[in-house]
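Please prepare a briefing on the protein interface and the DNA contacts of the model shown here.

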Protein chains: 2
Amino acid sequence: MAAGASALAQKLSRFLPLKPDELESLAGLEARRRAIPAHTELVHERQTGHQAFILLEGWACAYKLLPDGGRQVIDFSIPGDFMGLRSVLLRTSDHAFAAVSDILVAEVSAGQMIDTFQRRPRLAAAILWAASRDEAMVVEHLVSIGRRSALVRMAHLLLELGLRLQLVGLGSPGGYACPLNQYLLADALGLTAIHVNRVLRQLRERGLVTLREEQVEFHDPAGLHSLAGYHTGYLDQGEGPAS
Amino acid sequence: MAAGASALAQKLSRFLPLKPDELESLAGLEARRRAIPAHTELVHERQTGHQAFILLEGWACAYKLLPDGGRQVIDFSIPGDFMGLRSVLLRTSDHAFAAVSDILVAEVSAGQMIDTFQRRPRLAAAILWAASRDEAMVVEHLVSIGRRSALVRMAHLLLELGLRLQLVGLGSPGGYACPLNQYLLADALGLTAIHVNRVLRQLRERGLVTLREEQVEFHDPAGLHSLAGYHTGYLDQGEGPAS
DNA sequence: CGGCAAGTTGAACCGCCTCAATGACGGTGG
DNA sequence: CCACCGTCATTGAGGCGGTTCAACTTGCCG
């Protein structure tokens, strides 16, 4: 893989080494770029219009709002992630997207997607693999919220984000830059910001992990894995074709 | 659509009216049938071997087990649902499947799937639409567990199952047959069976809905919708092609 | 300097859990 | 035929995890 390849190209190459013509098609999907400032809503819930985004730089999140004003963050998007791929087939978007930090995205129309899928089946398979992996992450998230304690949930999330970032060349085993504040973490984990604060304190006091000044630092990765009961199976960190 | 068509054919036809040759291919996917008794595990977590199932009759559930013995049900499968579609691309299944009642399934190999996708692009789009819809349901489920009270969660689940069943010709606006016991509901909603019991009692005493002898009866659909803050957008109950 | 967003901490409350027990039902074997 | 069992539903009492409300701090920016 060429140096300087996009985060998405890096990620897909883990599943399937991409050929020059496939990389070219991928670059075509990433051509129509747009910078978006932090805290902007890209897509609102139930928005029609079939287009997806590829996140090139920065962090975003997918979420749903509730009638009572509450918010549930479905997942966080990092460079190399598709956003809104589902709305290419569904009539409307089933959730909203917002920029967490300043971000750079590529807009992809439904037509472009379908065209690429027909002309580049291997690339299509790789993109569907990535989408399946994202789905598996949502499922793991659901399990977290349903059956794990707040402490374990937080540990799990911080570990998962670390692994995902490493796959696209951001972050290291020791930590990573993380623009998420405690409100966002709370809405992701189904907690209040206040309790997130207490949970982070516990993790810090146990010498496991620190989140300070937008930086996550793992002090005891083994201890954290053990606390979180973490196994990476669902992430399928690609070691060649699955089939 | 022909009378007596499979539940899956009924469902897909809502998205895209299927042509005879497409219905034939679909029937081909549903040909290799197998009866499975209740409470049997079809696929265990991290199972390799790329195959999917189409549920033809009965109910099943997808779930993950936790180290502490807990269980989180990801979703329930009803006739016309695919199970394990994701494991066609992912190296291993990211969760387990079990039969809730006695069921009848069709086994579909990864090769068969890929072959059908290449030869019948319209059918492929319809199947991906159904898969996107399933994903949207998992997302809604996540929102429920993360941000809704136990009472609202339960109301939401019972309503959603009702709508899904109606789409494949099972159940009516007044209710439906439901083989789920309180333990299963608890593991789906992130509660204990004991609390499920109390929640069901509340719903009953408020005159909204009853679950007795494997039968759900809606006594006040409007009141239930209002309590659940239910809107059907994410279900995309198909009224013709989306694109 | 004043204002706002984000983080931190304490105290009281409550939704849901845990532990414990009881009842209803169908199946099974003596 | 009935004693026995396992499964499921039901109910009570007490406890804990996480919420709610209410400060107070810190840092940033105009």
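The briefing below treats the protein interface and then the DNA contacts.

This is a predicted model, in which local features need pLDDT of at least 70 and side-chain atom pairs count only at pLDDT 80 or more, while totals for chains, interfaces and linings use all residues. Residues are numbered from 1 along each chain as its sequence is written, chains are lettered from A and ligands numbered from 1 in the order in which they are written, and side-chain values use heavy atoms, with hydrogens and water left out.

**Interface between chain B and chain A**

- In chain B, 46 residues are in contact with 46 residues of chain A, contact meaning heavy atoms within 4.5 Å.
- About 4100 Å² is buried between chain B and chain A, and carbon and sulfur atoms give 62% of this area; buried area is the accessible area (1.4 Å probe) that two parts lose on being put together, summed over both.
- There are 6 salt bridges between chain B and chain A, each being a side-chain nitrogen of Lys or Arg within 4 Å of a carboxyl oxygen of Asp or Glu.
- Arg86(A) forms a salt bridge with Glu135(B), with the closest N and O atoms 2.5 Å apart.
- Between chain B and chain A, 12 residue pairs are in polar contact, both residues at pLDDT 80 or more; a polar contact is a pair of N or O atoms within 3.5 Å, and within protein one must be able to donate a hydrogen and the other to accept it, with residues adjacent in sequence counting only if both atoms are side-chain atoms.
- On the side of chain B that touches chain A, strand 5 (71–77), helix 4 (121–147) and helix 6 (182–189) of chain B are the elements that give two or more residues; helices (H or I, at least four residues) and strands (E, at least two) are DSSP runs, numbered from the N terminus.
- Helix 4 of chain B gives the most to this side, with 16 residues.

**Surroundings of DNA strand D**

- DNA strand D is surrounded by 16 residues, the closest being Thr192(A), Ile194(A), Gln182(B), Asn197(B) and Arg201(B); a residue is near a strand if one of its heavy atoms lies within 4 Å of it.
- Of the atoms of DNA strand D that come within 4 Å of the protein, sugar and phosphate account for 64%.
- Helix 7 of chain B gives the most to the surface near DNA strand D, with 5 residues.

**Polar atoms at DNA strand D**

- A polar backbone atom of Gln182(B) is 2.9 Å from a phosphate oxygen of DNA strand D.
- An N or O atom in the side chain of Asn197(B) lies 3.0 Å from a phosphate oxygen of DNA strand D.
- For Arg198(A), an N or O atom in the side chain is 3.4 Å from a base oxygen of DNA strand D.
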